[in-house]
Amino acid sequence: MSGFMSWNQKSHARTWLLYPENMGTYLSIDETALSQGELYTMITNKKAKGKKGALVGIFQGTKAEPIIKHL
């Protein structure tokens, strides 16, 4: 009913999510530990000021190469 089974990011959602529609000229990058010490890198659009449309991507780990590949 929610559309989860046909979600286009379902196959890789455990390691990365990307919302290209939220991309902007000025981005912020930050690392955070969400649970049990797992590190994630979050990229946000500064223009959204933390509100709706701010999240551009979230990536498991802190290595630059996988993030660059998906961006």
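What share of the 71 residues of the chain counts as buried? In this predicted model, in which local features need pLDDT of at least 70 and side-chain atom pairs count only at pLDDT 80 or more, totals for chains, interfaces and linings use all residues. Residues are numbered from 1 along each chain as its sequence is written, and side-chain values use heavy atoms, with hydrogens and water left out. The buried share is 24% of the 71 residues, where buried denotes under 20% relative accessible area (1.4 Å probe, protein chains only). The chain exposes about 5,600 Å², of which carbon and sulfur atoms supply 56%, the areas coming from the Shrake-Rupley method with a 1.4 Å probe.

Read along the sequence, the chain follows the pattern β-β-β-β-α, with four strands and one helix; helices (H or I, at least four residues) and strands (E, at least two) are DSSP runs, numbered from the N terminus. Along its principal axes, the C-alpha trace spans about 35 × 25 × 25 Å.

Strands are taken to pair if DSSP finds at least two bridges between them. Strand β2 (residues 27-35) runs antiparallel to strand β3 (residues 38-45), and eight bridges join the two; within this pairing, S28 stands opposite T44 in β3. The hairpin of β2 and β3 has two residues between the strands, and Q36 there takes a positive phi near 50 degrees. On β3, a further antiparallel pairing is made with strand β4 (residues 55-60) through five bridges, and Y40 stands opposite Q60 in β4.

Technical notes: Buried < 20%, exposed > 50% of the residue type's maximum accessible area, 1.4 Å probe, protein only.
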